[in-house]
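The entries follow the order in which I looked things up.

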Amino acid sequence: MDVIRDFLRGAVRLHVLHHAALGAVSGAWISEELGRHGYDISPGTLYPLLHDLEDQGLLVSTQRRENGRVLRYYAATRAGTSVLDDARHALAELAAELLPPDV
């Protein structure tokens, strides 16, 4: 169903912003983290998502050399943190409306 697919796409973006707000994360790390939460996202989907969030000014990336490899790390910007805060409020309101009190 398109509604569920769209919701999950948004959830992935918020998941990325959440972790990037806690500290810089590599694409490989975020891929593993998303996998732990049941999201099966290919690099061909993840990296364009990361670049899109960066193009929107929600993430900023830096390169680091580790073990002879160059890795790109992503961190939330002030705008990204602000969007995340807004999303948290919207999700809390939605959860209060949709979920029964005993959940």
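**Basis.** I am working from a predicted model, in which local features need pLDDT of at least 70, side-chain atom pairs count only at pLDDT 80 or more, and totals for chains, interfaces and linings use all residues. Residues are numbered from 1 along each chain as its sequence is written, and side-chain values use heavy atoms, with hydrogens and water left out. I took helices (H or I, at least four residues) and strands (E, at least two) as DSSP runs, numbered from the N terminus.

**Entry 1: α1 and α2.** I looked up helix α1 (residues 2-22) against helix α2 (residues 27-36) and found an angle of about 125°, with the axes 11 Å apart. Axes here are lines fitted to C-alpha atoms, for helices over the stretch in contact, and angles run from 0 to 180 degrees between N-to-C directions. α1 and α2 are therefore oblique to each other; angles under 35 degrees count as roughly parallel, over 145 as roughly antiparallel, 65 to 115 as roughly perpendicular and the rest as oblique. In the contact (heavy atoms within 4.5 Å), α1 contributes V12, H15, V16 and H19, and α2 contributes W29, I30, E33 and L34. I noted five nonpolar, two polar and one charged residues there. The classes are Ala, Val, Leu, Ile, Met, Phe, Trp, Tyr, Cys and Pro as nonpolar, Asp, Glu, Lys and Arg as charged, and the others, Gly among them, as polar.

**Entry 2: α2 and α3.** I then turned to α2 and helix α3 (residues 43-55), which pack at about 115° with their axes 11 Å apart. From α2, residues G27, A28, I30, S31 and L34 meet L46, Y47 and L50 of α3. This contact of α2 with α3 holds six nonpolar, two polar and no charged residues.

**Entry 3: the sheet.** I found an open sheet of three strands, ordered β1-β3-β2 with antiparallel pairing; two strands pair if DSSP finds at least two bridges between them. β1 (25-26) and β2 (59-66) are at the edges with a single partner strand each, so one side of each has no neighbour in the sheet. β1 pairs with strand β3 (residues 69-76) over two bridges, and S26 has Y73 of β3 as its bridge partner. α1 packs on the sheet and touches β1, β2 and β3, its direction making about 100° with that of β3.

**Entry 4: N67.** Which residue has a positive phi although it is not a glycine? I found N67, with a phi of about 55°, in the loop between β2 and β3. Most residues other than glycine have a negative phi. N67 is exposed, with a relative accessible area of 81%; buried means under 20%, exposed over 50% and partly exposed in between (1.4 Å probe, protein chains only).
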